[in-house]
Amino acid sequence: MTNMLTEVSAVAHMSTEAWSVTPSGPNTSTCSSEGFSDDECFNFKVAKAVVAGTSLILSVAMFALILVYRVWKSLAMRQVLFLCIAGIIDSTAWLVSASREDEEILCIFEGWYIHFAILLLMVAVFLIIINMFMITVMKRNFVQTQKQEILYHFMAVIVCLSVSLLPFIDNAFGHAGAWCWIRKDQPSWRFGGLYTLQWIFLAVMIVLYVVIMWTLKKRVREFAGNREGNANLEILIKETKVLMGYPIAYVIIAIFATANRIQNQVSETPVYGLTMLHLVSECLRGTFNAIVFGVTFGRKIYKGHLPKTPPCLTGRKKNARGREMENVEQERKANQL
C-alpha cells in the first residue's frame, strides 16, 4: 500500500511539472539554453503575451473604426486599413511565438511567421509614404492612384511572402535566442534579409517625407493670395506631419532590434535588458500604429470632418441618391486631409 501511494505521488508530481507555466516549467527550456535564466525566459513570455495582445486589440479596434465610420471609401484610409491588417498579422505572430518553442517544426513556423509579418508591416508603412508622394509631388489624382491600388497591395503581399521564404534555402529558421526566428549561425540572412532592408526602406521614407514637406511648403508660397487653397495646404501639411509618426516609430523599433542582433553576433552572452527592449518594441508596432491613427482620427472628429456618431448607428434612412452624395462628400473631405 505504501509503495502504491509513493508511485501515485510520483506520477502526480511529474504531471504537475509537465503542465506547469511557472518560470521553471518546460516552456522556457529553449530560451534557457540560449543563455537566459528561467525567470528571464518567463518574463519574455509574459511580455510577449501582454504587449502583443494589447497591440492586437488596438489593431482590431482600428479596423472596426474604419469600417464603422465608413472611411474606408477614402484612398488614404484604405492605406491605413492595409496597415491595420498587417498590424493584426504582426501581433498574432508574436502571440503565437509566446507558445511552446521546444518543438522544432513549430519553432521554424514561428520564425518564418514573424519574419513575414515584420516585412509586411514595413511595406505597409512604405506604401503610405509612396501614396503621399505620388499625390503631392507627382500630382497624380486619386482616380489614377485608385486604379493601381489593388495591384500594388497584391504585389506588396507577394514580394513580402517571397522574401520571407528565401531563408528556407539554407534552412535558416529556428531557435534564435529568446524566441524563434533566423538562427544565430545565419547572420547573412538576419541582416541581409531584414535589417539592411529595414534601414534602406526607412532612409527612403525619410527622404520622400522631406521632399513631400518641401513641395507642400513651396505650394503654400505659391497660393499666398488664395485663402482657401492655402488653408487646404496647411491642413495637408499638418496631416502629413502626423503620418510621419508611422516611420518614426519604426526607426525607434529598428534601433533596438538592430542593436540587439549585433550584440548577439559579437558576444556569446546575451544582454537581458537589451533583449527585452527589442522584444517589447517589436510587439508595440500595432500600439504605435493605433496611437498615430487615434491622433489623426480624433482630429477629424473634433474638426467636424467626421461625425461624432458613426453613420451606421444613426438609424437614418437615405435613398440611393442621398447615400451617393454623402459618399462623394466624405471622399472629398477625407482626400483633402
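User: Is Trp112 buried or exposed?

Analyst: In this predicted model, the relative accessible area of Trp112 is 16%. The cut-off for burial is under 20%, so Trp112 counts as buried.

User: How many aromatic pairs does the count give?

Analyst: Two rings pair if their centres lie within 6.5 Å. By this rule, the count of aromatic pairs comes to eleven.

User: Which class, stacked or edge-to-face, describes the rings of Trp112 and Tyr113?

Analyst: The ring centres of Trp112 and Tyr113 are 6.3 Å apart, and their planes lie at 20 degrees. Planes under 30 degrees apart count as stacked. Trp112 and Tyr113 are both buried. The class of the pair formed by Trp112 and Tyr113 is therefore stacked.

User: At what angle do the ring planes of Trp112 and Phe116 lie?

Analyst: Trp112 and Phe116 both belong to helix 5, where four residues, about one turn of the helix, separate them. Phe116 is buried, with 11% relative accessibility. The rings of Trp112 and Phe116 have centres 5.6 Å apart and are stacked, because their planes lie at 10 degrees.

User: Which residues form one aromatic cluster?

Analyst: Trp112 is stacked with Phe116, and both residues lie in helix 5. The aromatic cluster that contains them is made up of Phe109, Trp112, Tyr113 and Phe116.

User: How far apart are the axes of helix 5 and helix 7?

Analyst: Helix 7 covers residues 149-165, and helix 5 packs against it at an angle of about 145 degrees. Their crossing is right-handed. On the helix 5 side, the contact includes Trp112, His115 and Phe116, while helix 7 contributes residues including Tyr152, His153 and Cys160. The separation of the two axes is 9 Å.

User: Which residues form a disulfide?

Analyst: A disulfide requires two cysteine sulfur atoms within 2.5 Å. The count by this rule comes to one disulfide. The sulfur atoms of the pair are 2.0 Å apart, and the residues are Cys107 and Cys180.

User: What is the relative accessible area of Cys180?

Analyst: Its disulfide partner, Cys107, is buried at 0% relative accessibility. Cys180 is likewise buried, and the relative accessible area of Cys180 is 1%.

User: What is the separation of the C-alpha atoms of Thr196 and Thr258?

Analyst: Thr196 is located in helix 8 (residues 187-222). Its relative accessible area is 40%, so Thr196 is partly exposed. Along the chain, Thr196 and Thr258 are 62 residues apart, whereas the separation of their C-alpha atoms is 9.3 Å.

User: What percentage of contacts between residues at least 6 apart in sequence join residues at least 24 apart?

Analyst: The chain has 14 helices and two strands, and buried residues make up 44% of its 337 residues. Among contacts between residues at least 6 apart in sequence, the share that joins residues at least 24 apart is 73%.

Terms used:
Residues are numbered from 1 along each chain as its sequence is written. This is a predicted model: local features need pLDDT of at least 70, side-chain atom pairs count only at pLDDT 80 or more; totals for chains, interfaces and linings use all residues. Side-chain values use heavy atoms; hydrogens and water are left out. Buried means under 20% relative accessible area, exposed over 50%, partly exposed in between (1.4 Å probe, protein chains only). Axes are lines fitted to C-alpha atoms, for helices over the stretch in contact, and angles run from 0 to 180 degrees between N-to-C directions. A crossing is left-handed if the near helix is turned anticlockwise from the far one by less than a right angle, and right-handed if clockwise. Contact means heavy atoms within 4.5 Å. Rings of Phe, Tyr and Trp (its six-membered ring) pair if their centres lie within 6.5 Å; planes under 30 degrees apart count as stacked, over 60 as edge-to-face and the rest as tilted.
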